[in-house]
Amino acid sequence: MERSPASPAFWRSPLRGPWFTSLLGVVLLAGIIVLFVTGLLSYAAYNPDLSPVNDKTPDKGVLGFYLFPWPTDPPWLYRLTQGVHVTLGIALVPVLLAKLWSVVPRLFQLPPARSVAHAVERLSLLLLVGGVLFEFVTGVLNIQLDYVFPGSFYPLHFYGAWVFFAAFTVHVVLRAPTAVRNLRRMRAGEEGGAPPPGPRAGGKEGVAPPVSAEEPSLVSPDPAEPTVSRRGAVWLVGGGSLLLLGTTVGRNFDGLPRRTALLAPHGGAEPGSGPNGFQINKTAAARGISAAETSEEAWRLVVTGPSGTVRLSRAELAQLPLHSAALPIACVEGWSTSDQWWRGVRLRDLAALVGHEPGMAPDVLVESLQRHGAFRRAALRANQVRDPRSLLALDVNGERLSADHGYPARIIVPAAPGVLNTKWVARMTFGDL
């Protein structure tokens, strides 16, 4: 049986042990809670209960209990929450892999279930491992803009998160007492980062007896010669996390820091130079936007409200009262820009133009010239429309919008996800959605 993964003697690494596993577990516990909360905030930022065009997770039922009107203050809110979500998720990859490695012997333990509680734990473990791998893999692929998985990222990641977190909660409840007990032993000198000199129970140095008869020990009964201490392994895992942090976090900062984001599609040099030289996700060419349909002669903005419909050229929009706002752009992939200076017509002024009382602007459905893509239409809530910084932007940083940044006109709203800041706007319909 020593050659079978079900045998404790099969796993000979001297690094495995309750203390190492518990330490990694505590780090993941804190990190995953932050990931879950920021993930819920990211989803709430889409206002998915406002309109079907915003909701990419049909039939979510009670899982939508947390939704609330997404605020516009502070204007960098989504930049912060989504930046933390993505950057922390990347930094936790080494911790996750080390944790899975540290407990892999338990996946092969026989018998499969020793009690009802153990059976529940084993089932939760399958969902936990499958769920966490699914969430991290799809999240990393989304960050890298590699949509190789079947279906839309939004519902896959959303429902996967709930399955994983349910299993995670069960696992934490069942394992928390053991983890606390193991960490206390570390303080008492039992199973520490470097085992104390001399043989332990069982006659071999560094070998600890099982925690209990019901819970086999992770410590090998026949460990191989160590090549690194447990403390060294912790430093290795922590160093890997710091390396990933340093090569990812820069995509939330302009200039030199962005060039350190070597593992991010939006790292490296800024795209071009000048007033329009800041990050984008999709170009006009990629979305099939032609120069002919955005020309001064052809393009008209159609605005609809209770008093009827008006059609405005870009020149006519420029004759309306114009306002400026300094706002960032932040996307679900975790990248963002610093504040850009936008200038255009306030959304609430356009609502007033089609019959809504000043200060009482309702929701709005915004439609783009683009003919494909998940967010060619997007809905904004009334509180977003009424914010004086919410604009139909015509210019950025003192220059007219480039084609890739949404010329002839685009939406810019404080604290909104990038996909709700619709580019190449063609139609706006104001009213309760």
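**Cavities, pocket and cores**

Reply: The lining of the largest cavity has 21 nonpolar, nine polar and two charged residues. Here Ala, Val, Leu, Ile, Met, Phe, Trp, Tyr, Cys and Pro count as nonpolar, Asp, Glu, Lys and Arg as charged, and the others, Gly among them, as polar. This is a predicted model: local features need pLDDT of at least 70, side-chain atom pairs count only at pLDDT 80 or more, and totals for chains, interfaces and linings use all residues. Residues are numbered from 1 along each chain as its sequence is written, and side-chain values use heavy atoms, with hydrogens and water left out.

Me: Why is a space called a cavity, and not a pocket?

Reply: On a 1 Å grid over the protein atoms alone, a cavity is a set of points where a 1.4 Å probe fits but cannot get out. A pocket is an open set with protein on both sides within 12 Å along at least five of seven lines. Lining residues have an atom within 4 Å of a point. By this rule there are two cavities of 30 Å³ or more.

Me: What volume does the largest cavity have, and which residues are the closest to its centre?

Reply: Its volume is about 650 Å³. A volume is the space filled by probe spheres set on the points, with grid points joined across faces, edges and corners. G39, H85, E135, F153 and H157 are the closest to the centre, out of 32 lining residues. The largest share of the lining, eight residues, comes from α5.

Me: Which residues line the second largest cavity?

Reply: P75, Y78, R79, P328, A330, V413, A415 and A416 do. The volume of this second largest cavity is about 40 Å³. Its lining has seven nonpolar, no polar and one charged residues.

Me: Which residues lie nearest the centre of the second largest pocket?

Reply: N281, K282, R287, F375 and V419 do, among 32 lining residues. The second largest pocket has a volume of about 690 Å³. Its lining has 16 nonpolar, eleven polar and five charged residues.

Me: What makes a set of residues a nonpolar core?

Reply: Its members are buried Ala, Val, Leu, Ile, Met, Phe, Trp, Tyr and Cys residues joined through side-chain atoms within 4.5 Å. Buried means under 20% relative accessible area, exposed over 50%, partly exposed in between (1.4 Å probe, protein chains only). The largest such core has 42 residues, and F430 is one of those with the most contacts inside it. Apart from it lies another core of 26 residues, including F36 and F168.

Definitions and conventions
Helices (H or I, at least four residues) and strands (E, at least two) are DSSP runs, numbered from the N terminus.
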